[in-house]
Amino acid sequence: MLCSLIQLRRYATSSSSPLSPLHNLRRKRFFYSTVTAMVPHPKDEAYLNAAIPKRIKMFESIQAEQKTQRLSLSPDPIKVTLPDGTVKDASKWQTTPFDVAKEISKNLANNALIARVNGVLWDMARPLEQDCELRIYKFEDDEGRDTFWHSSAHILGQSLEMEYGCKLCIGPCTTRGEGFYYDAFYGDLGLNDDHFKQIEAGALKAAGEKQPFERIEVTRDQALEMFSDNKFKVEIINDLPADKTITVYRCGPLVDLCRGPHIPNTSFVKAIACLKASSAYWRGNKDRDTLQRVYGISYPDQKSLKEYLLRLEEAKKYDHRILGVKQELIFHHEWSPGSWFFLPHGALVYNKLIDFIRSQYRVRRYREVISPNVFNMDLWEQSGHAANYKENMFTLEIEKHEFGLKPMNCPGHCLAFKQRVRSYRELPLRMADFGVLHRNEASGALSGLTRVRRFQQDDAHIFCRESQIKDEVREALKFIDYVYEIFGFTYDLKLSTRPENSLGEKATWEKAESALKEALDEFGKPWQLNEGDGAFYGPKIDINVSDALSRKFQCATLQLDFQLPDRFKLEYSAEDEAKIERPVMIHRAILGSVERMFAILLEHYKGKWPFWLSPRQAIVCPVSEKSQAYAEKVNDEIYSKGFHVDVDLTDRKIQKKVREAQLAQYNYILVVGEQEAETGQVSVRVRDKADLTTMSIEGLLERFSEDAKNFR
């Protein structure tokens, strides 16, 4: 048996095979599934036998009661308005979005995943309740894809619960908008790749059974009784606001607390895979229960899953945590988790990113400030962050008073605005800050440079009049477009409007949303409406960038804020000096976290920094000892002009020097021998090209300047 296992492991982990990443994944799964079959896993049968039948029985009873009640309601005629302005006749409490989709086309009905009714996401099988505007989404739409992955999390949860008897916690689609995960409590069992085949088999079984996603509304007492066996769900229920509508969904044997909505049934998921398992703390608190988090991905077809897994394998080659250490850019130490060291070459890139944005501030009339890192908690009480964000802050006691390290700059900028009387003539006031920020992220959430505890942002807050919102937003969008075009990013735009829990007057929101719409239209690039997803303090524009590996990231942000100016009583004198008005605040970032953008760019460029951003722009390689003095002279001359240049004075052969320089990703490799020393020239080799070009030092420096000036 031992020999067989050793042979299987060699087969699973061998790197000599020319198989594709997908085949390698399957090969590993073959090994792990063979091992898994030999190792029995504990399963809480008593919990399953008690909880599952009870939940199903309660669900069916409440569902039958609600169906009977709905059938008793009058099916009054209603009007359904589609995005193109077409109006359809329907019946209240009877017609569903699916019925409307069937009337439009068979293809739409077969592919419709979710609907939006008067701005609220809505199950395809849920009856309409009044005259409404209706929009239907498929997998190609963000709303459809997010719902598809959220529903896939329920399918994953069903498999986890049935296979391991775990107590499910939460299962959303990921915040990055790619895939999903489910957190659950398994006692002492730690999940890993060994378990994935068994989990996937259970999920595919559920998908094959075409289980409908069914919805009911329950009272708090009903919810508590239904999930009384699961302390995690009970805690969630008890924390819900008193007036919150509580909804429960069922697919097959899984009955889960969830606000929804979901895809029509499980059969839409044709391909599903587990990606990784890790530990997580309940509600991100290290003092609470340790959970297991299983990440997954799913698609409506096998081809898309295969392509995704191939992209994933490709992306792993350029992981910034590997490339960054290999190129001696960054490293971290266990004594400072979530905070990274930037070594000299990494610091060069980091500072160039900041200097690049700073150079644009002068052109675009921003004023840079430097604000304190530590504030008395009274500031955070006034801003509202103490009530909503304190658990994510680092706090300390100074002379018996509580202070907090700043996690964002906006409250401090409000103090800077308020430090003297302001006039309308000063607006818009664009206040920028590269200050260091700290956020107390859970250790399990930390991830390289993309999720850290210490970071800097290219943060700015624009204080302006309501009449200036449109122009300021349009100019900020142009700024974002300028930066992202240089980086080689494509991006999409979404306008997120007033959510249910919004603060402030509806009329103010409508005016602000109208200004954002006009700014987006004048900007001239396509944008989508993301109804009901704005911040509680104001509408926003979400910008998602796509990198060279076709991955999406949210970096830039544009958010309107009516609440902080109100909380801090910010004022300026209007044209009539007797009249005092309150400014609107626009939160604006383009790089976002400089650390995160550093990681994204390192992977986007696959470790090959463009010349203007590169920490290794050139290296001089003398052919022999006879040309070393000239090599050092060339190095000094290039260095004196502000470029990042090194010289290789080792006794290695020139071929070896060039090869090492290529591996180190120098943009230009400058070979000098006795002939170049005599003529005062250099033989230039570009990083990814084999041919050599002879140039004068003056010509080379001119080329470097052009590359830097044009962001090449």
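In the predicted model, Val325 is placed in helix α11, which spans residues 320-326. Val325 has a relative accessible area of 45% and is therefore partly exposed. Together with Phe331 and Phe341, Val325 makes a nonpolar surface patch of about 250 Å².

Strand β3, residues 114-117, runs antiparallel to β4 and is joined to β4 by three bridges. Within this pairing, Trp122 in β4 is the bridge partner of Ala115.

When neighbours within four places in sequence are left aside, the contacts of Ile78 are Lys88, Asp89, Ala90, Ser91, Lys92, Leu128, Gln130 and Asp131. The C-alpha atoms of Ile78 and Glu129 are 8.4 Å apart in space, while the two residues are 51 residues apart in sequence.

Five strands also form an open sheet in the order β31-β30-β32-β33-β34, and the pairing is again mixed. Here β31 (645-647) and β34 (692-696) are the edge strands, each pairing on one side only. Neighbouring strands of this sheet are turned by 30° against each other on average, direction ignored. Strands β32 (residues 668-672) and β33 (residues 681-686) run antiparallel and are joined by four bridges. Across this pair, Ser683 in β33 stands opposite Val671.

Side chains of opposite charge can pair when their charged atoms come close. The structure holds 52 salt bridges. In one of these, the side chains of Asp44 and Lys167 meet at an N to O distance of 3.9 Å. Asp44 is located in the loop between α2 (21-38) and α3 (45-71), and Lys167 in strand β6 (residues 167-168), so the pair ties together parts that are 123 residues apart in sequence. Asp44 counts as partly exposed, at 34% relative accessibility.

A further salt bridge is formed by Arg465 and Glu581, whose closest N and O atoms are 3.3 Å apart. Arg465 lies in the loop between β22 (459-464) and α16 (469-487), whereas Glu581 lies in strand β28 (residues 580-581); the pair therefore ties together parts that are 116 residues apart in sequence. Arg465 is buried, with a relative accessible area of 13%, whereas Glu581 is partly exposed, with a value of 21%.

Between Glu522 and Lys470, the closest N and O atoms of the salt bridge are 3.0 Å apart. Glu522 belongs to helix α17 (residues 506-523) and Lys470 to helix α16, so this pair ties together parts that are 52 residues apart in sequence. Both residues are partly exposed: Glu522 has a relative accessibility of 43%, and Lys470 has a relative accessible area of 22%. Glu522 and Lys470 also take part in a network of salt bridges that links them with Asp471, Arg474, Glu475, Lys478 and Glu518.

Key. Residues are numbered from 1 along each chain as its sequence is written. This is a predicted model: local features need pLDDT of at least 70, side-chain atom pairs count only at pLDDT 80 or more; totals for chains, interfaces and linings use all residues. Side-chain values use heavy atoms; hydrogens and water are left out. Two strands pair if DSSP finds at least two bridges between them. Helices (H or I, at least four residues) and strands (E, at least two) are DSSP runs, numbered from the N terminus. Patches are made of residues with over 30% relative accessible area and no salt bridge: like charges are joined within 9 Å, nonpolar side chains (Val, Leu, Ile, Met, Phe, Trp, Tyr) within 5 Å. Accessible areas come from the Shrake-Rupley method with a 1.4 Å probe; for residues, only the protein chains shown count as cover. A salt bridge is a side-chain nitrogen of Lys or Arg within 4 Å of a carboxyl oxygen of Asp or Glu. Buried means under 20% relative accessible area, exposed over 50%, partly exposed in between (1.4 Å probe, protein chains only). Axes are lines fitted to C-alpha atoms, for helices over the stretch in contact, and angles run from 0 to 180 degrees between N-to-C directions. Contact means heavy atoms within 4.5 Å.
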